[in-house]
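Please read them with the model open.

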Amino acid sequence: MILELPHSLRRLPALLALALLPVLLVMGAAAPAFAHDHLVSSDPEDGAQLEASPEAITLTFSADVMDVSPVVRIVDAQEQTVLEETPTIDGTTATLALDEPLPAGDYTVQWRVVSSDGHPIEGTFAIAVQNDAATEEPTESASPAEESPAVETTAAPSSEPAAEAAPEVEEGNDALLPVFLGLGVIVVIGVVIALRAGRSGRR
Ligand SMILES: [Cu+2]
């Protein structure tokens, strides 16, 4: 009995350190992951089947995004960039007014903004326009084809490295979080069991 008391006390600091280690890891990993803003909604929403071209693309985020070189790019079914412009940032929203209507077709909207914690975030969603805009001028179909090569060459190099690099890091944090939390819970349970065993042994 007398010998057992110092034993369990000697083990205590080590157990506490073990218990705190995952907690610290979780705090380190979780802080940036939780601080990330994310896209709450878009107008048009993902998968929208629109009768006619939208007049604007509006993105709503979970917090005020930073007005640091935000980009909205609209890519058609042939992966040609139809439009790449700077949306207007206002609090939690980024809005891009479309000066010209989108012709009928399937589009991917790609966006990139800087989250309120300073990290770039990005994503894509799909929309479909079912009808051409009600203009009789045949020049309308020609104008996107003229514009797209010029826009595309400037768009491709700048976007691809960021598109590959950024999400991997962000998703890695989020994916590891449950693992750290699980480890923390297991260790805390282990400490509680060890302390109880020590206490019951003392009596
Ligand atoms: Cu972040």
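What share of the 203 residues in the protein is buried? The answer opens the first point.

1. Overall picture. This is a predicted model. Buried residues account for 29% of the 203 residues. The exposed surface comes to about 12300 Å². Carbon and sulfur atoms supply 61% of that area. Take contacts between residues at least 6 apart in sequence: 68% of them join residues at least 24 apart.

2. Element order. The protein has two helices and nine strands. Read from the N terminus, the order is α-β-β-β-β-β-β-β-β-β-α.

3. Copper site. Three protein donors hold positions 1.9 to 2.3 Å from the copper ion: His-36 through NE2, Asp-117 through OD and His-119 through ND1. Their spacing along the chain is H-x80-D-x1-H. His-36 and Asp-117 link distant parts of the chain, being 81 residues apart. His-36 sits in the loop between helix 1 (4-35) and strand 1 (39-43). Asp-117 sits in the loop between strand 8 (105-114) and strand 9 (120-129).

4. Asp-117 has 28% and is partly exposed, because its value falls between the 20% and 50% limits.

5. Five strands make up an open sheet in the order 2-9-8-4-5, and their pairing is mixed. Strand 2 (48-50) and strand 5 (81-85) are the edge strands. Each has a single partner strand, so one side of each has no neighbour in the sheet. Neighbouring strands are turned by 20° against each other on average, direction ignored.

6. Strand 4 and its partners. Strand 4 (residues 66-76) runs antiparallel to strand 8, and seven bridges join the two. Val-71 stands opposite Arg-112 of strand 8. Strand 4 is also antiparallel to strand 5, with four bridges between them. There, Val-72 has Glu-85 in strand 5 as its bridge partner. As background, strands of a sheet pair through backbone hydrogen bonds, either parallel or antiparallel.

7. The hairpin. Strand 4 and strand 5 form a hairpin with four residues between them. Within the turn, check Glu-79, which has a positive phi of about 65°. Gln-80 lies in the loop between these two strands as well. Gln-80 has 26% relative accessibility and so counts as partly exposed.

8. The nonpolar core. How many residues does the largest nonpolar core have? It has 23. Those with the most contacts inside it are Ile-57, Leu-59, Phe-61, Ile-74, Leu-102, Trp-111 and Ile-127. Strand 2, strand 3 (56-61), strand 4, strand 5, strand 7 (93-97), strand 8 and strand 9 each supply at least two core residues.

9. Trp-111. Leaving aside residues up to four places away in sequence, Trp-111 touches Leu-39, Leu-59, Phe-61, Val-71, Val-72, Ile-121, Glu-122, Gly-123, Thr-124 and Phe-125. Two of these, Leu-59 and Phe-61, are listed with Trp-111 among the core residues with the most contacts.

How values were computed:
Residues numbered from 1 in each chain as written. Predicted model: local features only at pLDDT ≥ 70, side-chain atom pairs only at ≥ 80, totals over all residues. Heavy atoms only, no water. Donors = N, O, S within 2.8 Å, 3.2 Å for Na, K, Ca; no water. Buried < 20%, exposed > 50% of the residue type's maximum accessible area, 1.4 Å probe, protein only. Pairing = 2+ DSSP bridges. Axes fitted to C-alpha atoms, helices over the stretch in contact; angles between N-to-C directions. Core = buried A, V, L, I, M, F, W, Y, C linked by side-chain atoms within 4.5 Å. Contact = heavy atoms within 4.5 Å. Areas by Shrake-Rupley, 256 points an atom, 1.4 Å probe, with all protein chains shown as cover.
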